[in-house]
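Hi,

Here is the structure I said I'd pass on.

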Amino acid sequence: QVQLVESGGGLVQTGGSLRLSCTASGSFKSINNMGWYRQAPGKQRELVASVSSGGTTTYADSVKGRFTISRDNAQNTVDLRMNSLRPQDTAVYYCRSTVVMNTGGQFLYWGQGTQVTVSS
């Protein structure tokens, strides 16, 4: 069984910063893509940023230049550094990872979500 455990998040004022962390635990061979998604009330879940096992990053246009994603393959962690936060960044943020199991199969896992609230 694989678990993704998130930490960070909380309440911050406009222009502030937060850091989210996600750690994958369990028995598996490796992790391919790791990423962060978010879902605001009444809206669909959307990609915020992702990073491949080789370090290639992808960002939503709305967060480019403000958010930075990074991963530590040895620790099976992915972080999201969020700067210059805006009220429209308010959402539940979810960690997602594509995990390669010891059998070779790939499965998608989600974290439980962490609330980020940006006050105006």
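Start with Arg45, which lies over the face of Tyr94 at 3.7 Å from the ring centre. The charged end of Arg45 also sits over the ring of Trp110, 4.6 Å from its centre. I count a charge as over a ring if NZ of Lys or CZ of Arg is within 6 Å of the ring centre and within 35 degrees of the ring normal.

A caveat on the source: this is a predicted model, with local features needing pLDDT of at least 70 and side-chain atom pairs counting only at pLDDT 80 or more, while totals for chains, interfaces and linings use all residues. Residues are numbered from 1 along each chain as its sequence is written, and side-chain values use heavy atoms, leaving out hydrogens and water.

Now the rings. The structure holds two aromatic pairs (Phe, Tyr or Trp rings, the six-membered one for Trp, with centres within 6.5 Å; planes under 30 degrees apart are stacked, over 60 edge-to-face, the rest tilted). Tyr37 and Trp110 are edge-to-face, 5.1 Å centre to centre with 70° between the planes. Tyr37 is in strand S4 (residues 30-39) and Trp110 in strand S10 (residues 106-110), 73 residues apart; strands are DSSP runs of E, at least two residues, numbered from the N terminus. Tyr94 and Trp110 are edge-to-face too, at 6.4 Å and 85°.

As for burial (buried is under 20% relative accessible area, exposed over 50%, partly exposed in between, with a 1.4 Å probe and protein chains only), Tyr37 is buried at 15% and Tyr94 at 14%, whereas Trp110 is partly exposed at 33%.

Cheers

How values were computed. Helix = DSSP H or I, 4+ residues; strand = E, 2+ residues; numbered from the N terminus.
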